[in-house]
Amino acid sequence: MVKGWVFSTLLVVFLVCAPPCGAFYLPGSYMHTYRQGEEIGAKVNSLTSIETELPFSYYSLPYCRSKDGIKKSAENLGELLMGDQIDNSPYRFRVNVNESLYLCTTDPLGEADVKLLKQRSHDLYQVNMILDNLPVRRFTEQNGMTIQWTGYPVGYIPEGTTDVYVINHLKFKVLVHKYEGGKVKVVGTGEGMEVISETDSDANSGYEIVGFEVVPCSVKRDPKAMTKLNMYDKVDPVNCPVELEKSQLIKEKEQITFTYEVEFVNSDIRWPSRWDAYLKMEGSKIHWFSIMNSLMVILFLAGIVFVIFLRTVRRDLTRYEELDKEAQAQMNEELSGWKLVVGDVFREPTSSKLLCVMIGDGVQILGMAIVTIFFAAFGFMSPASRGMLLTGMIVLYMLLGIVAGYAAVRLWRTLKGTSEGWRSVSWSTACFFPGIVFIVLTVLNFMLWTRNSTGALPISLFFGLLSLWFCVSVPLTLLGGFFGTRAEPIEFPVRTNQIPREIPTKKYSWLFILGAGTLPFGTLFIELFFILSSIWLGRFYYVFGFLLVVLLLLVVVCAEVSVVLTYMHLCAEDWRWWWKAFFASGTVALYVFLYSINYLVFDLRSLSGPVSAMLYIGYSFIVSLAIMLATGTVGFLTSFSFVHYLFSSVKID
């Protein structure tokens, strides 16, 4: 598709630079202009924490509620799977009106409320608020550096004390940009052109919300005086932070008063660039180092493959073709290395059905990953559309079931020489990976149900996913399998002997395969750190340009590693290369899983509770399994092509 090194380089540079630049409209995010004094309501998402992966509803804590009651926002499949629960909130803002308002005063706290507030504060839970689709940001100073966070804490514990103080006053700063409507606007009507007057176009003028920030603090107020006020009555502003003796302590029989103030600030930020502050690309030098490191590995392995092809294989084949028939017959008796297994190299492997199923699932997962990351690199799956990335991945996975069924059944026909049993192969392909994921997620879901977490899937969604699986994915996989029966099987270039050749004893064969996985892992482990930080520490990940480049480099490294290991096994007269070619690159998943455990121990040291740890390990297992299937498929298909090409040039009978 991409021709020429120049175009390739330009494409890579564009993919890498486009996401952080932010000078484009993010699909799924629609501009809304507000009039002076127009009322806007903020929304709240699930409470989340970097210490535990158990999200909870905002209203599980004794917070103020809107006069209209709790209203849930419509959510897509990705949001539901991620545990998002977006509700309305009592916080309202009038555009370009600075004010300080009273919300409510709670009843005296009971023992259960105090325990829950303290527990959520200890676990570092954050309140995630959204205004005009922008998450609220706050800033803290650590070691002389300004760190940006999304959300604000439920409470805090000052150093040197065990007292817990609740965050009950919020100072919001809303950045707005004045949008001026065009002087003349031309609209196509189907029969001609219509010109809208300047007066009419002025109606399009207004204010765009381009930033949403908060400074949280704790303030103790007189509950007797506060209870006389009504919601949205004016109160005195607060200078945050507040001294501890004037802060609101969490203890029994205390009444908590919630207030907030808002300040609107004019900004030069334009609406298309309002996400830039959230998507700043940190550590770009590290990303480039990762890519350069991967390129060095690729060049090293490419050199080995070059030597194999040009100095060994080509030399042997050229010398063999130059001999006469008598010399060839004499040479057949003196064959060594890979040429000795010519009658066994295409012998059917053990557990051939499982191999076909795993290759089919690997093709499906790899296709899903490449297409998803490709579109994400061009900004089609932005954080402005919450859950779209996960939703897109699920939809693509189901649609690619037809490719999985085709690949699995065609490989089955190639190995067996017949289409008999193709339905069983197709069914197994449709149920192998999704079935394992379904079992793991069911166990994890029961854990979440017992904790009343919003991360637990509702029963309706649970059965909805089952319906998508059996009504969309399975039929498409069966259809792909049917097409596979109509495709011509791949013909082997040499005949297979009836009696298998004895394989010399090799003690360290599988150790080489385990070691081979370190090379593909070295390609992605730096990027893996940023991905894990995004998933488990609540940071935005938007350098999909880098991720696409790393993915392509990973595919190349997996292909090269598998070819080298396959050639080594053939030279050792080991014709059982099928599974070894798969795991030569697929073992990278083992190192990904071990790295995930290392990340849990050293970077998520504060992860609290066995349920949180089990969730982390369960999700890491699913991801590692998907990586094994995808990378193993790359290695197998490359090795199969290599072996087929190698022995297609041999004239040994």
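Q: Which residues of helix H10 are called buried, and what makes a residue buried?
A: They are Gly401, Ala404, Gly405, Ala407, Ala408, Val409, Leu411, Trp412, Arg413, Thr414 and Leu415. Buried means under 20% relative accessible area, exposed means over 50%, and partly exposed is in between (1.4 Å probe, protein chains only). By the way, this is a predicted model, where local features need pLDDT of at least 70 and side-chain atom pairs count only at pLDDT 80 or more, while totals for chains, interfaces and linings use all residues. Residues are numbered from 1 along each chain as its sequence is written, and side-chain values use heavy atoms, with hydrogens and water left out.

Q: What covers those buried residues of H10?
A: The cover includes helices H8 (352-377), H9 (388-399), H11 (422-450), H12, H16 (578-586) and H18 (610-648). Here a contact means heavy atoms within 4.5 Å.

Q: What makes Glu39 and Arg92 a salt bridge?
A: The rule asks for a side-chain nitrogen of Lys or Arg within 4 Å of a carboxyl oxygen of Asp or Glu. The closest N and O atoms of this pair are 3.2 Å apart, so Glu39 and Arg92 qualify. The two sit in distant parts of the chain, with Glu39 in strand E2 and Arg92 in strand E4, 53 residues apart.

Q: Why is E4 called mostly covered?
A: Count its residues: 7 of the 8 in E4 (residues 87-94) are buried.

Q: How do you know that Arg137 and Glu213 form a salt bridge, and what does the pair tie together?
A: Their N to O distance is 3.1 Å, which meets the salt-bridge rule. Arg137 lies in strand E9 (residues 137-142) and Glu213 in strand E17 (residues 206-217), so the pair ties together parts that are 76 residues apart in sequence. Arg137 is buried at 8% relative accessibility, and Glu213 is buried at 12%.

Q: What makes Tyr406, Leu479, Phe482 and Phe483 a nonpolar patch?
A: Patch residues have over 30% relative accessible area and no salt bridge; nonpolar side chains (Val, Leu, Ile, Met, Phe, Trp, Tyr) are joined within 5 Å, like charges within 9 Å. Phe482 has a relative accessible area of 33%, so it clears that cut-off. The four residues make a patch of about 330 Å², with areas from the Shrake-Rupley method with a 1.4 Å probe; for residues, only the protein chains shown count as cover.

Q: Which helix gives the most to this patch?
A: Helix H12 (residues 459-486) does, with 3 residues, and Phe482 is in H12.

Notes
Helices (H or I, at least four residues) and strands (E, at least two) are DSSP runs, numbered from the N terminus.
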